[in-house]
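Reader: I have a new model open and want to learn how to read it. Where do we begin?

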Amino acid sequence: MKNSIGKMLKICLSLLLCLALSGCWNSRELDSLAIVMGYAIDKSDEEGLVDMTAQVAVLSDGGSSDNSSSSSNTASSEAYWNITRTGSSIFTILRDYTHESSRKLYSPHNQVIIFGNDLAKNGIRDYLDFFLRDHETRLNVWILVAKDKASDILDVKPKLEKIPAIGLSDLIEDQKATSETVQIRIRDFLERLISDTTASIAPLVEVIGEGKDQIVEMSGTAVFKQDKLVGELNKTETRGLLWVLSKVNSGIITVEAPGGTADLEIVSTETQVNVEILDDGSITAHVKITESGNIGSQTGSGDLSKTDNVKILEQNMNDAITAEVFSAVEKAKELDADIFGFGDMFYKKYPQQWKSMKENWDELFNEIKVEVEVDAKLRGSGRIVKPAYPAEEE
Amino acid sequence: MLKFIFSKIKTNTALKKIKAIQANQGQKDQPSVKLLRSLDKNLTIFKEVLGESNDIITREFICGQTQMKAVLIYVDGLTNVAVINENIMKPLMYDSKLTDSKNEAKIKNINDFKEIMLSAGDVKDSDAFDELINGCMSGDSVLLIDGFSSGLIISSRGWDMRAVETPQTGSVVRGPREGFTENMRTNTALIRRKIKDPALKLEVLKIGRKTQTNVCIAHIEGVANPGLIKEVKDRISKIDTDAILESGYIEQYIEDAPFSIFATIGYSEKPDVIASRLLSGAVAIIVDGTPIVLTAPLLFIENFQTSEDYYMRPYFASVLRLLRILSFAISVLAPPVYVALVSFHQELIPTPLLFTMAKAMEGTPFPAVIEAAVMLLTYEILREAGIRLPKPIGQAISIVGALVMGQSAVSAGLVGAPMVIVVAITAVSSFVVPDQADSGAIMRWLLLILAGAMGGFGITMGLLIVLIHLASLESFGMPYLSPLAPMRPADLKDSVIRAPLWLMKTRPTGMARQNPTRQKDNTPSKIKNPTK
């Protein structure tokens with residue numbers, strides 16, 4: 001008996017020792033947290049400081065289950081609360097919020113981090129550090145760049161969601177349908193930032209409209225050189241970029257069709273990029289895109305079920321995709337930013353030569369010859385085969 | 001005169017001895033007090049020992065023409081009056097076999113009564129007072145005849161008892177509905193009706209100084225390990241207490257881990273369950289006076305098995321076993337995990353769910369762990385009240401519990417609605433595994449406290465302690481967690497899942513080492529006739 005008590009003590013002791021192994025961990029009641037849904041970071045009017053806006057979800061309308069009519073009329077208050085403080089670093093501002101907020105800000109459920117245009121132009125490296133270092137923040141937060149001030153974005157109440165940050169996060173998820181906007185999480189952003197040559201990218205958002213009709217729109221891609229904003233891609237150029245990155249999920253390509261136009265839906269894509277240093281020292285990147293799609297809709301009365309017409313559509317699709325890719329390449333060369341990550345591909349394939357190429361990669365990137373080979377296939381025509389209104393007999 | 005005094009002294013010494021024996025009952029192997037030759041003296045002693053209880057009948061009569069005085073002593077209510085009248089009194093008083101043609105007594109010996117006179121089933125002779133008294137107390141009739149220094153114990157038991165009914169516990173949709181009764185004989189008969197093999201051995205011990213309870217140890221010879229049988233017998237025969245009122249008494253005296261919250265001896269109210277356990281090599285302990293029959297050893301996994309598993313086809317039976325294990329986990333873990341999530345690991349909750357939960361908890365006055373404790377306590381009180389109350393009032397309790405406590409506690413803002421849901425699912429799932437409901441409730445509270453203090457880390461620690469404890473338990477030499485730990489691959493066919501019956505060719509290897517083969521090849525394809 002004595003022995004077994006001793007054994008139990010030893011077991012309990014060794015289990016207690018595990019306490020020392022655990023990390024930061026503390027008891028906080030759910031109703032003592034201010035759940036942050038989004039951060040917007042802007043350059044402050046004062047030199048060297050930043051304004052940070054935190055969007056906190058306000059959940060007080062929930063209390064009891066039977067708040068059918070009486071409370072919903074009176075509780076017209078917002079579902080969120082934006083707090084803005086100014087300070088020299090993210091961490092100091094975050095602690096500074098406690099001067100205004102009765103609850104401690106809680107970041108794990110943060111959806112978006114938006115950088116203002118001015119701040120992005122000056123470089124955002126210093127402000128990313130906290131989001132990586134702190135244990136409460138997550139690496140799957142969406143990164144966005146505002147065309148103007150970031151805090152404005154968080155002020156626009158979405159029409160369908162209650163909280164702007166959630167609306168924004170859902171909006172980004174939604175971009176898969178068109179593949180005209182990049183989807184960048186903080187870890188993707190950093191992956192590119194760590195690379196010597198690859199330029200970081202982030203989706204651009206802007207507020208359009210006035211007053212009550214204000215909405216937030218995704219409008220292309222912000223291109224960073226190192227951590228500084230240098231330019232932007234429009235929607236077509238963005239999809240061109242996504243073709244090369246093999247990140248086109250879905251989308252519509254409108255092409256000329258016999259007797260009108262046809263909207264072709266992208267169903268599945270795959271891209272292989274092969275970089276090469278040729279014997280004469282010039283460098284090329286060979287982009288091979290395999291795509292298959294469906295006919296989504298058509299105008300005119302051409303019979304697209306005919307094999308000849310399908311061939312024509314496929315060829316038109318090939319041309320359209322090629323054009324999109326080249327528009328992106330041109331823009332990238334114009335901005336001097338290797339958004340495609342060709343540099344890293346050379347580094348992996350030619351580690352020896354890379355040492356010398358690295359120095360003058362900017363010039364080399366401008367000279368890179370991009371070849372695009374598209375293999376587009378049409379798989380289906382939807383529920384109908386022939387056009388809705390057949391050509392009139394002549 | 002001298003003779004009279006002498007006989008008086010004799011009577012008194014015998015009485016004193018009996019009293020002394022009764023005073024320190026239990027000290028075994030005492031010399032028993034022998035019966036005297038004189039009926040009057042014996043009767044005096046009997047009356048002195050049995051006292052004035054009016055349910056004890058002493059019927060004095062004369063045996064037929066022999067003029068021998070006789071006394072029949074029995075307890076009214078424990079005896080079958082028809083047997084006494086027809087098979088004991090009648091032959092003794094009217095039969096002419098007692099005398100030969102010359103009208104002389106041909107009885108030389110008390111055994112002659114047994115052999116030629118009494119038409120009752122079980123008759124044995126004894127010359128010890130305590131044995132005769134015990135027989136009388138158990139419902140047998142004691143026959144004393146003048147001039148013989150031994151008496152007869154005639155089986156005449158018969159009393160009112162409950163019929164074989166459907167048991168309250170372990171009800172089934174498919175399978176036999178009969179259950180044990182309070183009568184040990186009925187119970188052994190129910191088992192024997194399932195197993196008609198002479199190898200089914202029943203051995204009866206009398207335990208309890210005052211209650212003299214019959215405890216029957218059943219096993220199948222050649223299947224159960226002799227070591228196990230011996231161990232069970234040893235442990236039971238070492239019990240020296242004054243009362244065994246229910247099989248729970250036996251269980252608590254002989255179990256391996258009396259300090260554990262987990263039971264290491266199984267029980268059932270159903271003959272088919274006991275029969276199947278006996279056939280797997282277990283030992284059953286049937287206690288007179290209770291419908292609950294014990295089995296040993298008990299493995300942890302057996303708590304998740306029901307008799308119905310074997311009666312239905314194997315696929316759904318296996319799914320049900322997994323479901324039971326899941327339900328047990330939910331019943332133990334749901335409140336602690338909820339508390340840990342809400343007060344420590346909010347980052348683990350999906351954002352939309354977090355919103356819902358935070359909204360529900362907004363404005364509730366207590367921390368989640370207090371909320372959970374109060375709700376669980378309320379539930380335990382309601383459950384206990386529901387069991388003890390008469391059935392019609394039980395419904396009122398559940399209405400008060402469900403509506404008043406649940407609904408109004410939420411609308412009054414005292415507890416969050418998710419907490420009510422968590423407690424409700426906990427309550428419901430705790431009934432899925434009734435055999436572990438008691439240990440589950442204790443674990444639930446333990447883990448809740450740990451979760452409230454240390455979050456998920458506390459739960460992990462608590463579960464580790466429980467796991468270490470479970471792994472250290474043994475039930476009559478069988479590791480409690482087998483066949484999972486130590487792993488016995490051959491026994492896994494009937495553990496978490498239930499293999500088809502025709503695949504279960506062997507008995508559990510750890511339990512039935514002597515006779516491991518349960519059946520020959522009964523694969524259905526071999527059994528059915530070939531068709532074209």
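Author: Begin with one side chain. That of A:Asp303 makes a polar contact with the side chain of A:Ser305, at 2.5 Å. A polar contact is a pair of N or O atoms within 3.5 Å; within protein, one must be able to donate a hydrogen and the other to accept it, and residues adjacent in sequence count only if both atoms are side-chain atoms. This is a predicted model: local features need pLDDT of at least 70, side-chain atom pairs count only at pLDDT 80 or more, and totals for chains, interfaces and linings use all residues. Residues are numbered from 1 along each chain as its sequence is written, chains are lettered from A and ligands numbered from 1 in the order in which they are written, and side-chain values use heavy atoms, with hydrogens and water left out.

Reader: Where is the place of A:Asp303 in chain A?

Author: A:Asp303 is in the loop between strand 12 (283–298) and helix 10 (307–335) of chain A. Helices (H or I, at least four residues) and strands (E, at least two) are DSSP runs, numbered from the N terminus.

Reader: Is A:Asp303 buried or exposed?

Author: Buried means under 20% relative accessible area, exposed over 50%, partly exposed in between (1.4 Å probe, protein chains only). A:Asp303 is buried, yet has no salt bridge. A salt bridge needs a side-chain nitrogen of Lys or Arg within 4 Å of a carboxyl oxygen of Asp or Glu. The nearest side chain of opposite charge, A:Lys386, is 4.3 Å away.

Reader: Which residues does A:Asp303 touch?

Author: Leave out residues up to four places away in sequence; then A:Asp303 touches A:Asn309, A:Val385, A:Lys386 and A:Pro387. Contact means heavy atoms within 4.5 Å.

Reader: Now sheets. How do I read one?

Author: Strands of a sheet pair through backbone hydrogen bonds, either parallel or antiparallel. Two strands pair if DSSP finds at least two bridges between them. In chain A, four strands form an open sheet in the order 10-11-12-13, with mixed pairing. Its edge strands, each pairing on one side only, are strand 10 (251–257) and strand 13 (369–380) of chain A.

Reader: How many bridges join strand 10 of chain A to strand 11 of chain A?

Author: Seven, and the two strands run antiparallel. A:Thr254 stands opposite A:Asp263 in strand 11 of chain A.

Reader: What lies across strand 10, strand 11 and strand 12 of chain A?

Author: Helix 9 (residues 235–245) of chain A, running at about 55° to strand 11 of chain A. Axes are lines fitted to C-alpha atoms, for helices over the stretch in contact, and angles run from 0 to 180 degrees between N-to-C directions.

Methods
Lys and Arg count as positive and Asp and Glu as negative; His and the chain ends are not counted.
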